[in-house]
Amino acid sequence: MKIDGYTRTCGLFGNPVEHTMSPAIHNTLAKEMGLNLVYVPFRVPAGCMRQAVEGAFALNLLGCNVTIPYKTEVIPFLKEIDPLAERIGSVNTLVRLEDGFKGYNTDMPGLYRAMCEDGADVTGRQVILLGAGGVARAVAMLLGERKAKKVYILNRSAEKAKALAEEVNAAYDRDLAVGSALADYKNLPDERFLCIQATNVGMFPKVDEAVIEDPDFYRKISIGYDLIYNPLDTRFMKLVRAAGGQAFHGLKMLLWQGIIAYEYWTGEKVTKEQSDLAYEAMKQAMGITEVKSIQA
Ligand code: NAP
């Protein structure tokens, strides 16, 4: 990597940032696209987001990603916010303007891109969304945006599922989502669903857990999409496959949120070949040698 007086810098704001895969994505793209750009992690202490954003602007950073726990906290320090990010209430990408940063959410377009690539488009579909936390909220808005037919939100806390369903219905002005407790999977219509797993359950190190164990539930799933990427083959995915469905993990979502951010920063289109190389670099950084074998 060449670093000289013309090198532009992008980075990641979060806390912690030590386990991030983003440098592998962005520094590979810079190398493959021949851009003089470097991407580095910045651990931002609690309460310091204003200084981080103002400091990044003063230091001429081209753009930044924002991760846990600052995706909402960063919003008041932006000059502008993209309407989708505003609706979701979560910003993971800052793009430099003349007088400050504009905030975008590339997590959801990233998920959409990954799902389309995997043949799991949400438009016109009946969807089960497991979870009602931060990411599930963003997914629910994506499902509204991309015109899913119906969304059944199931969550450990039924109140949160109901509140999220109401919020989505209000945002998209239609009777799209219904929220209820996890156990209500027994009352789902007798159909085959796309199911998006957006809880923490099954994440490393508790890899033998899934929010629902009942094989009857999994028989209703034609495609199961787990947003977890560590491990790459979750218990949820195994249960989906055992019941005859196709299962996918969340690593491509991580890739595509990064690629879309990169395209915003540089104004350059990332080719299929370049995105494949970034995916390989990310897997290498995670110590993964083979991913294809566990896809359905
Ligand atoms: P969050 O806001 O903390 O929400 C956690 C969700 O998991 C809530 O719905 C919570 O239910 C549920 N949950 C937690 N423990 C549970 C348990 N023991 N039993 C049943 N439900 C449980 O987390 P988040 O930020 O939305 O993240 C969710 C997942 O998304 C994480 O696993 C993360 O790996 C994944 N993710 C993936 C990407 C990607 O690029 N692929 C990016 C970001 C996040 P309650 O509401 O009842 O507490």
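Analyst: Asn 60 sits in the loop between α2 (49-58) and β3. Helices here are DSSP runs of H or I with at least four residues, strands are E runs of at least two, and both are numbered from the N terminus. Asn 60 is not a glycine, yet its phi is positive, at about 65°.

The model is predicted, so local features need pLDDT of at least 70 and side-chain atom pairs pLDDT 80 or more, while totals for chains, interfaces and linings use all residues. Residue numbers start from 1 along each chain as its sequence is written, and side-chain values rest on heavy atoms, without hydrogens or water.

Next, the loop between β3 (63-66) and β4 (80-81), which holds Lys 71. The side chain of Lys 71 makes a polar contact of 2.7 Å with that of Asp 107. A polar contact is a pair of N or O atoms within 3.5 Å; within protein, one must be able to donate a hydrogen and the other to accept it, and residues adjacent in sequence count only if both atoms are side-chain atoms. Set aside the neighbours within four places in sequence, and Lys 71 is in contact (heavy atoms within 4.5 Å) with Val 66, Gly 89, Ser 90, Val 91, Asn 92 and Asp 107.

Two further loops carry cis peptide bonds. One runs from Asn 15 to Pro 16, with omega near 10°. Pro 16 belongs to the loop between β1 (8-14) and α1 (22-33). The other runs from Phe 204 to Pro 205, also with omega near 10°. Pro 205 is in the loop between β10 (193-197) and α7 (215-218).

Now the domains. An automatic or database assignment sets the bounds: domain 1 is 8-105 + 253-286, and domain 2 is 109-249. Their centres, taken over C-alpha atoms, are 26 Å apart. Across the boundary, 12 residues of domain 1 touch 15 of domain 2. About 1,400 Å² is buried between them, with 68% from carbon and sulfur atoms. Buried area is the accessible area (1.4 Å probe) lost when two parts are put together, summed over both. Arg 87, Met 253 and Trp 256 supply 47% of what domain 1 buries against domain 2, more than any other three residues.

Last, the ligand. Its shell counts 21 residues, and the closest are Gly 134, Val 135, Asn 155, Arg 156 and Lys 160. The shell cut-off is a heavy atom within 4 Å. By class, the shell has 11 nonpolar, eight polar and two charged residues. Ligand oxygen atoms lie 2.8 Å from a polar backbone atom of Gly 134, 2.9 Å from a backbone N or O atom of Ala 132 and 3.2 Å from one of Thr 199. Alone, the ligand exposes 930 Å², and the protein buries 76% of that; areas follow Shrake-Rupley with a 1.4 Å probe. The elements giving two or more residues to the shell are α5 (134-145) and α9 (251-266).

Definitions and conventions: Ala, Val, Leu, Ile, Met, Phe, Trp, Tyr, Cys and Pro count as nonpolar, Asp, Glu, Lys and Arg as charged, and the others, Gly among them, as polar.
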